[in-house]
Amino acid sequence: MPEDSQRPSRHRDEVVVPLRKSGPGDEALDAIVVGGGAIGLACAWRAARRGLRVRVLERDRPGAGASGVAAGMLAPVGEANWGESGLMRMAIASARAWPAFASELAADSRLEVGYEACGALHVALDRDEADELRRRFELMASMELGVEWLRPRGCRDLEPGLAPTCAGGVHAPGEAAIDPRLLVAALAAAVEHGGGEVIVDADVTGGLIEGGRLVGVATADGREHRAGRVVLATGAWSGTTPWLPPEARLPVRPVKGQMLVLRGSPELRPCERIVATERVYVVPRPDGRLVVGATVEERGFDVQVTAGGVHELLREAYRALPEVAELELVETLAGLRPGTPDNAPLIGPWGPEGLLVATGHYRNGILMAPLTSEAIAALLASEPPPGSAQQAHPGRFAGESEPRLAAAPALEETPR
Ligand SMILES: Cc1cc2nc3c(=O)[nH]c(=O)nc-3n(C[C@H](O)[C@H](O)[C@H](O)COP(=O)(O)OP(=O)(O)OC[C@H]3O[C@@H](n4cnc5c(N)ncnc54)[C@H](O)[C@@H]3O)c2cc1C
């Protein structure tokens, strides 16, 4: 497959940031961040806020990966699953951090970030789905997620556009959403305003290892970028890193997701909050657009939008909210989620000294951006990361039971 076809659909016109083609020079940097998605940019921004000198290297444009495709739900309730309590604790902690993260980002970037505390309604559309949702509701309630069970009538009182087949639902008033493209643009601007750099068309192809320590990376244009630490934030491509020693390769795989954008009008809004069934979700944007997602497909680096994918999403959205049939179909997208064997992210030191990883966020990278970036910024500043992030330690698949937090040396010891 040609390399370009391995990359997700692009939206170059939608990300407005001060982009650089190259860095100003080889002055001492505290951190290089490889990957300009929501995770890499958030890590760089939070590190810059701590006074660290950071440079983001993005081989395409900010948001060219999954972050430019995501629906932007900040919705831990929808992710509640048996056997994933560690992941849920991280998701809940990050969701709680979102309001402050969003307002600090708006202030630092001087841009609109599109955070909406819209709430969510998880609905069942027949008796079988209702039985299953009721079981998940018990799990959600046991996690004290602030949810309530609603009868069909209660669901339709909240969302009159719901299909008459609605058989019950879970109201999650604390769920929120953000427009990920606004988020990416704001993060890139905040990095630059904070004294950092976001460099585009910078494809990292080599690692600079000296005395067993990763001291920087090389880009395809032949430039070397040296820093105290390197943060790997290359999303779905994190498992294919020829620039790292083979033993440091991560168990990350691409998981394809297709998605649609519909457009209504202020008078034609099929729903006011996130509406989710077991097969589809619909996220309303304040400007009248409606995001419908998403398929979950194991197809390697394929990002083709298929007739079958579009059909499935429209059929399921129509089943829940029949008025979607009246809307204009304005965009179809596909992106690659960075999946891991246990669906939880990989955050912290890994592989050679000098490397930190922030990847593997699968379905929740937008939701987890505050927690992940706080953890990475703390590690870069030689401070302890938030406790909930320590469950994401990358060594867990290599049999390491504890996070390797001591691997981050104090900044004074950092080679420049
Ligand atoms: C359809 C869909 C819907 C989703 N909905 C949600 C949602 O509602 N809520 C939520 O929280 N999450 C959602 N997600 C998941 C979320 O999008 C991801 O978890 C998140 O975007 C991952 O961010 P990232 O920065 O790690 O990766 P990416 O955004 O993929 O960024 C990685 C970047 O690294 C760059 N890169 C790769 N290799 C190199 C290299 N060698 N040199 C330089 N740069 C490189 C890429 O170009 C890319 O820009 C969704 C995902 C999909 C696909």
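Two strands are taken to pair if DSSP finds at least two bridges between them. In the predicted model described here, that criterion applies to strand E11, which spans residues 213-219, and to strand E12, which spans residues 224-226. These two strands pair in the antiparallel sense over 3 bridges, and within this pairing Val217 stands opposite His225 in E12. The hairpin that E11 and E12 form has 4 residues between the strands, and Gly222 takes a positive phi near 90 degrees there.

Strand E11 also pairs with strand E10, residues 204-210, again in the antiparallel sense but over 6 bridges. Here Val204 stands opposite Thr219 in E11. In the hairpin of E10 and E11 there are 2 residues between the strands, and Gly211 adopts a positive phi near 60 degrees. Strand E11, which thus takes part in pairings with E10 and with E12, is mostly covered, since 5 of its 7 residues are buried.

At the level of the whole protein chain, the domain assignment gives domain 1 (3-68 + 181-252 + 342-413) and domain 2 (118-175 + 254-339). The C-alpha centres of domain 1 and domain 2 lie 31 Å apart, and 15 residues of domain 1 are in contact with 11 residues of domain 2. On the side of domain 1 that touches domain 2, the residues divide into 5 nonpolar, 8 polar and 2 charged.

The ligand is surrounded by 43 residues, of which Gly37, Gly65, Gly235, Gly257 and Gly365 are the closest. The elements that give two or more residues to this shell are helix H1 (38-49), strand E14 (253-263) and strand E18 (328-339). Both domains take part in the shell around the ligand, with at least three residues drawn from each of domain 1 and domain 2. Sorted by class, the shell holds 21 nonpolar, 16 polar and 6 charged residues.

A further position considered is Arg61, which is placed in the loop between strand E2 (54-57) and strand E3 (73-74). Although Arg61 belongs to a loop, this residue counts as buried because 21 other C-beta atoms lie within 10 Å, where the cut-off for a buried residue is 20 or more. The C-alpha atoms of Arg61 and Ile199 are separated by 8.7 Å, while the two residues are 138 residues apart along the chain.

Terms used. Residues are numbered from 1 along each chain as its sequence is written. This is a predicted model: local features need pLDDT of at least 70, side-chain atom pairs count only at pLDDT 80 or more; totals for chains, interfaces and linings use all residues. A residue is near a molecule or strand if its C-beta atom, placed from the backbone, lies within 6 Å of it. Ala, Val, Leu, Ile, Met, Phe, Trp, Tyr, Cys and Pro count as nonpolar, Asp, Glu, Lys and Arg as charged, and the others, Gly among them, as polar. Domain bounds come from an automatic or database domain assignment. A residue is buried if 20 or more other C-beta atoms lie within 10 Å of its own, exposed if 12 or fewer, and partly exposed in between; C-beta atoms are placed from the backbone. Two residues are in contact if their C-beta atoms, placed from the backbone, lie within 7 Å.
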